[in-house]
Amino acid sequence: GADAICSNTFSANRIIFGQDEAHTARVIRTGWDIACMAAAESGRDIAVFASIGPAPVIADPERSGEEYIWTAKHFLEIGAENFIFETLSSTDGITRAAAYIKENAPDAFIIASFAVLSGGYTAEGYFDGDIIKELGEMHMKTGALIIYTSDDSVLQVAAHEDIVPTQELYDICEKISKLVF
């Protein structure tokens with residue numbers, strides 16, 4: 001029994017669906033509805049996450065941000081409070097999307113997951129330390145946590161104590177532990 005479920009909308013974006021906004025919005029809504037039904041049928045308190053996969057590699061990082069915001073907007077409109085950006089290989093657009101989500105839903109829980117190879121680099125050549133540094137700046141602006149696994153597969157949470165007080169960080173770690181383990 002999991003304590004979290006994703007909407008299985010990983011590839012639901014306008015780039016994949018040839019700019020067909022109506023179809024993309026239907027896929028997002030359907031995936032969200034199915035995940036919510038599964039959570040409700042469990043009879044338990046299960047967190048439902050809006051799953052947003054990487055925008056296909058495109059030359060313009062601004063376009064990635066626009067796509068993430070468009071997708072997040074649709075999830076917010078149908079009631080999403082938990083978001084997971086999955087298996088990213090760059091930070092292009094993520095800080096803008098997280099800021100947009102937090103502006104429109106200050107209590108939203110946001111996870112950004114990066115696919116980093118064993119040498120510490122993503123498929124697009126970004127170094128994991130640089131990603132954490134850039135996300136640290138986002139954390140300071142939005143309060144979004146940085147959760148990552150190190151080379152030894154230890155799950156870690158990075159947060160500044162001026163943004164997330166120590167006791168709150170302990171509470172968050174306990175919640176994450178229940179969701180993950």
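This is a predicted model: local features need pLDDT of at least 70, side-chain atom pairs count only at pLDDT 80 or more; totals for chains, interfaces and linings use all residues.

**Helix α4 and its surroundings**

Within α4, the buried residues are I131, L135, M138, H139 and T142. Viewed down the axis of α4, these buried residues fall within an arc of 105°, so they line one face of the helix.

What lies on the face of α4 turned away from the buried side? That face carries the exposed residues D130, K133 and K141. As for the buried residues of α4, their cover includes α3 (94–104), β4 (109–114) and β5 (146–149).

Just after α4 comes G143, with a positive phi of about 85°.

**The chain as a whole**

Let me now turn to the overall picture. The protein chain has five helices and six strands, and along the sequence they follow the pattern β-α-β-α-β-α-β-α-β-β-α. For 181 residues, a compact globule would have a radius of gyration near 16 Å; the value for this chain is 16 Å, which agrees. Along its principal axes, the C-alpha trace spans about 45 × 40 × 30 Å.

Of the 181 residues, 38% count as buried. Taking contacts between residues at least 6 apart in sequence, 64% join residues at least 24 apart. The accessible surface comes to about 9900 Å², and 52% of this belongs to carbon and sulfur atoms.

**Two individual residues**

Is S51 buried or exposed? S51, which is found in strand β2 (residues 47–52), has a relative accessibility of 1% and therefore counts as buried, the cut-off being under 20%. Leaving aside residues up to four places away in sequence, S51 touches C6, S7, N8, T9, F10, F75, I84 and E86. With E86 there is also a polar contact of 2.3 Å between the side chains.

The second residue is E62, found in helix α2 (residues 61–77). Its relative accessibility is 43%, so E62 counts as partly exposed. E62 and R96 are 34 residues apart along the chain, and their C-alpha atoms are separated by 9.3 Å.

Terms used. Residues are numbered from 1 along each chain as its sequence is written. Side-chain values use heavy atoms; hydrogens and water are left out. Helices (H or I, at least four residues) and strands (E, at least two) are DSSP runs, numbered from the N terminus. Buried means under 20% relative accessible area, exposed over 50%, partly exposed in between (1.4 Å probe, protein chains only). A polar contact is a pair of N or O atoms within 3.5 Å; within protein, one must be able to donate a hydrogen and the other to accept it, and residues adjacent in sequence count only if both atoms are side-chain atoms. Contact means heavy atoms within 4.5 Å. The arc is that of the directions from the helix axis to the C-beta atoms. The radius of gyration is taken over C-alpha atoms; the globule rule is 2.2 Å times the number of residues to the power 0.38. Accessible areas come from the Shrake-Rupley method with a 1.4 Å probe; for residues, only the protein chains shown count as cover.
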